[in-house]
Structure formats: structure tokens, C-alpha cells
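The stops below are meant to be selected in order.

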Protein chains: 2
Amino acid sequence: MKDNIIITISREFGSGGRDIGKKVSEALGIPFYDKAIVDLAAKESGLDAEFIEKGEQKITSSMLFSIATTNYGIGDYYTESSNFLVDKIFISESKAIKEFAGNGSCVIVGRCADYILKNDFQCFNAFIYADFDFRVRRVIEAYNLSVKDAEKQVKMRDKQRAKHYEHYTGIEWGNVNNYHLSIDSMKFGLDSAADVIRRAAELL
Amino acid sequence: MKDNIIITISREFGSGGRDIGKKVSEALGIPFYDKAIVDLAAKESGLDAEFIEKGEQKITSSMLFSIATTNYGIGDYYTESSNFLVDKIFISESKAIKEFAGNGSCVIVGRCADYILKNDFQCFNAFIYADFDFRVRRVIEAYNLSVKDAEKQVKMRDKQRAKHYEHYTGIEWGNVNNYHLSIDSMKFGLDSAADVIRRAAELL
């Protein structure tokens with residue numbers, strides 16, 4: 001394995017991607033950044049950490065419209081609206097992600113880290129996905145939801161993730177060509193999926 | 001690893017998927033079926049093996065049109081045209097693939113094997129892809145072509161594979177959800193990509 005390996009994990013909602021990322025970091029003995037990104041972004045931006053967590057992926061149709069009709073840039077074009085705040089969260093998290101990646105090997109889940117780091121770091125980008133029903137079952141168990149509500153959550157969160165990713169990166173979320181390895185967590189189970197990613201990381 | 005493991009490998013042209021499949025079969029000590037499928041299909045159909053090899057992925061626009069305007073079925077609806085022959089090849093290869101899979105663990109490359117086997121076998125379906133320029137460089141080297149001709153080949157062969165797959169399966173070629181593991185052969189190199197697939201197979 002290289003001395004420095006930055007593993008980014010993108011994942012469908014309910015696929016267990018976050019748990020898999022944690023297992024990979026433990027197996028390789030490298031940091032796993034999740035809440036730490038929110039905390040550092042909060043520190044840098046002056047925004048509340050809880051507010052950041054809630055707002056991370058809130059990109060609305062009206063926001064997309066305003067982006068499409070203005071020059072997309074950093075802050076100046078926006079009034080202090082929710083759109084501006086979502087951008088502010090994205091920018092402060094991007095800074096935090098770059099800072100952590102600069103510190104050496106790590107696993108980062110979500111937050112467009114693959115895109116944010118692509119010009120400055122040689123990342124290993126993995127994508128975790130699974131059958132819809134499998135994910136719904138996991139969401140029912142994790143959040144104690146009804147089948148109907150869990151199905152709604154899975155659909156909505158995937159849609160949010162795709163919109164958020166595509167908005168900030170201009171590329172398609174979940175397209176195989178954006179990742180170096182994609183793995184079906186239902187077929188392998190979380191432990192084995194993590195093991196395959198660890199093995200792949202060791203071979204780089 | 002399970003006693004019986006059928007690994008299917010789909011791949012972009014020039015990605016090295018065939019070589020990777022061969023390496024996986026050697027590492028696991030299980031058969032690799034490629035030319036054997038053509039030979040068995042020739043035996044079953046009475047068609048010439050060389051004719052089968054050449055015709056395997058020849059699906060033309062006119063064929064797609066004729067399919068769209070007739071009931072798609074086995075032979076009876078067609079005259080002895082090239083369309084009929086492409087179907088005949090597909091059907092005889094499908095029989096050969098099922099026969100080989102029925103014999104036990106193996107690696108099968110291409111030929112819609114993932115789709116052909118999905119109702120009768122628990123396969124492990126892998127997809128190999130790579131950056132366009134990387135594949136062009138490999139094709140230049142393998143076939144001693146000019147850059148222009150290699151680029152043309154890569155584009156054309158991918159298009160053929162996608163059309164052929166989508167025609168016979170009704171599902172999208174290269175869509176991550178159709179496979180259990182997708183891997184970028186440029187990022188990992190052929191040996192390591194094969195090693196990741198072997199490791200994944202052992203964990204099933």
C-alpha cells in the first residue's frame with residue numbers, strides 16, 4: 001500500500017456505506033472522518049455544527065433555478081438566503097476535507113470528497129450500492145420506520161444525494177466511471193465489502 | 001468460497017477484462033470459458049465456429065427495426081437472414097454457457113452470461129472498465145493500429161457491445177446495478193484488478 005492513501009466512499013442511502021467506510025479505516029488503521037468534518041467546517045465558517053449537519057444536502061429546486069440564472073460563484077452573488085447557506089456549508093466542508101486529506105491516509109464518506117480532492121490528491125474512490133428492498137429493510141431496522149416511510153426515505157435521500165452531487169460537481173452521481181471500485185453491499189455483506197475495499201487499497 | 005462459483009465478466013473494449021478473467025480463473029484454479037463456448041455453440045447449432053466468432057456481436061440497426069416490428073421469438077418469425085443468424089448464434093451460445101455453468105465453478109467473459117445465467121445460477125457478476133485513452137493505448141499495442149483507428153475501434157466495439165447486450169437483455173450495459181463489483185483496470189492494473197476479484201470471490 002502507498003504511504004498515503006485517501007479513500008473516499010460514496011454510497012446509496014441504506015447501503016451501509018458509512019459502516020463499511022468505518023470498517024475499512026479500522027482494518028487499515030487510518031482515520032475515519034465524518035463528524036470531524038462537520039466540526040471543523042463549523043469552526044471555520046462560524047456556523048453551528050448541528051445546523052451544518054441538517055443543511056448538508058438540502059438543495060432545493062428553487063436553488064437550482066437560482067444557480068442556473070446567475071453566475072455561480074462564491075457567496076457574492078447571493079443574498080443571505082438558504083441557498084447561500086448551503087453553499088457556505090459546502091465550501092467550509094470542502095476546506096475541512098482538504099485539510100484532513102492533507103494530513104495523510106484516511107477514509108472520508110460522502111460530501112463529494114471524490115470530486116473535492118481530485119485535483120490535489122490521488123484518491124481511491126469507492127461506491128457502495130445495494131438492491132432497493134435490502135436498503136429499505138436496513139432503514140426500517142436502523143430508524144424503526146414503517147415500510148412505507150422507509151421506502152420514502154430511501155427514495156428521497158438518494159434523490160437528494162444525486163442532486164447535491166450533480167449540482168456541485170457537474171457530473172453524475174453513481175456513474176461507475178466516477179469511481180475506481182463499486183461494490184454491491186447486499187451481495188457481499190458489510191464485512192466482506194469492507195474487506196474487498198481494504199484489499200484493493202493495499203494493492204494500490 | 002462457495003463450492004460452486006460462477007464468475008461472469010463484462011468489460012469495456014480494451015479494458016483488459018478478458019485477461020483479468022483469465023488471471024482470476026488461474027488464481028482460483030477454475031476453468032475459463034471463452035473459445036470453448038464458440039466451439040460448443042458451433043457443435044450444437046451446426047454453424048461454423050469462425051462464422052460464430054465473427055457474427056457474435058453483429059447487431060445492426062435494421063435488425064433492431066425488424067425486432068421492433070415483429071414478435072421477438074425463436075427463429076420461426078425470421079427468414080434465413082443475417083438477423084436470424086445472429087439470434088441463432090446467441091441462442092446456441094446461451095445453451096453452451098448454461099451447460100458449462102452447470103458443470104461447476106468457472107469464469108465466463110462477455111456474451112451476456114450474467115443475464116443468461118441469472119435465473120438458474122447464483123453468479124458473481126463483475127464489470128471491468130477504464131479510461132478511454134488508456135484503452136486506446138492498449139488497443140494500439142495489441143493490434144498495431146494507428147491512434148485514429150484504435151479510437152474508432154474502441155468507440156465502435158463498445159457501441160456494439162452495449163447494443164448487443166441491451167437488445168438481448170432489455171437492460172443497460174455497464175450500469176453499476178447490473179453487477180456485484182465494478183473495477184477500474186487503469187487504476188489498479190490488470191494483476192491487481194484480478195486479485196481484487198479473486199479476493200471478492202473467496203468471500204462469497
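The tour goes from the sheet to the interface, then to one helix and some charged pairs.

This is a predicted model, in which local features need pLDDT of at least 70 and side-chain atom pairs count only at pLDDT 80 or more, while totals for chains, interfaces and linings use all residues. Residues are numbered from 1 along each chain as its sequence is written, chains are lettered from A and ligands numbered from 1 in the order in which they are written, and side-chain values use heavy atoms, with hydrogens and water left out.

**Stop 1: the sheet**

Color by secondary structure; helices (H or I, at least four residues) and strands (E, at least two) are DSSP runs, numbered from the N terminus. Select the strands of both chains: they form an open sheet of 10 strands with mixed pairing, in the order 2(A)-3(A)-1(A)-4(A)-5(A)-5(B)-4(B)-1(B)-3(B)-2(B). At its edges are strand 2 (32–33) of chain A and strand 2 (32–33) of chain B, each pairing on one side only. Two strands count as paired if DSSP finds at least two bridges between them. Now select residues 6–11 and 123–129 of chain A: these are strand 1 and strand 4, which run parallel and are joined by six bridges. A:R11 stands opposite A:I128 of strand 4.

**Stop 2: between the chains**

Select the residues of each chain that touch the other chain, with contact meaning heavy atoms within 4.5 Å. Chain A gives 24 residues and chain B gives 24 residues. The two chains bury about 2,100 Å² between them, 60% of it on carbon and sulfur atoms; buried area is the accessible area (1.4 Å probe) that two parts lose on being put together, summed over both.

Two salt bridges cross the interface of chain A and chain B, a salt bridge being a side-chain nitrogen of Lys or Arg within 4 Å of a carboxyl oxygen of Asp or Glu. Zoom in on B:D195 and A:R199, whose side chains meet in a salt bridge (2.7 Å, N to O). Which elements of chain A each supply at least two residues of the side that touches chain B? They are strand 4, strand 5 (181–184) and helix 9 of chain A. Helix 9 of chain A gives the largest share, eight residues.

**Stop 3: helix 7 of chain A**

Select residues 132–143 of chain A. A:F134, A:R135, A:V136 and A:V139 of this helix are buried, that is, under 20% relative accessible area, with exposed over 50% and partly exposed in between (1.4 Å probe, protein chains only). The buried residues of helix 7 pack against helix 8 (147–169) and helix 9 (185–202) of chain A. After helix 7 comes A:N144, whose phi is positive, near 55 degrees.

**Stop 4: Arg18 and Asp34**

Select A:R18 and A:D34, which form a salt bridge with the closest N and O atoms 2.8 Å apart. A:R18 lies in helix 1 (residues 17–28) of chain A and A:D34 in the loop between strand 2 and helix 2 (35–45) of chain A, so the pair ties together parts that are 16 residues apart in sequence. A:D34 is buried at 16% relative accessibility, whereas A:R18 is partly exposed at 36%.

Move to chain B: B:R18 forms a salt bridge with B:D34, the closest N and O atoms being 2.8 Å apart. B:R18 is in helix 1 (residues 17–28) of chain B and B:D34 in the loop between strand 2 and helix 2 (35–45) of chain B, 16 residues apart.
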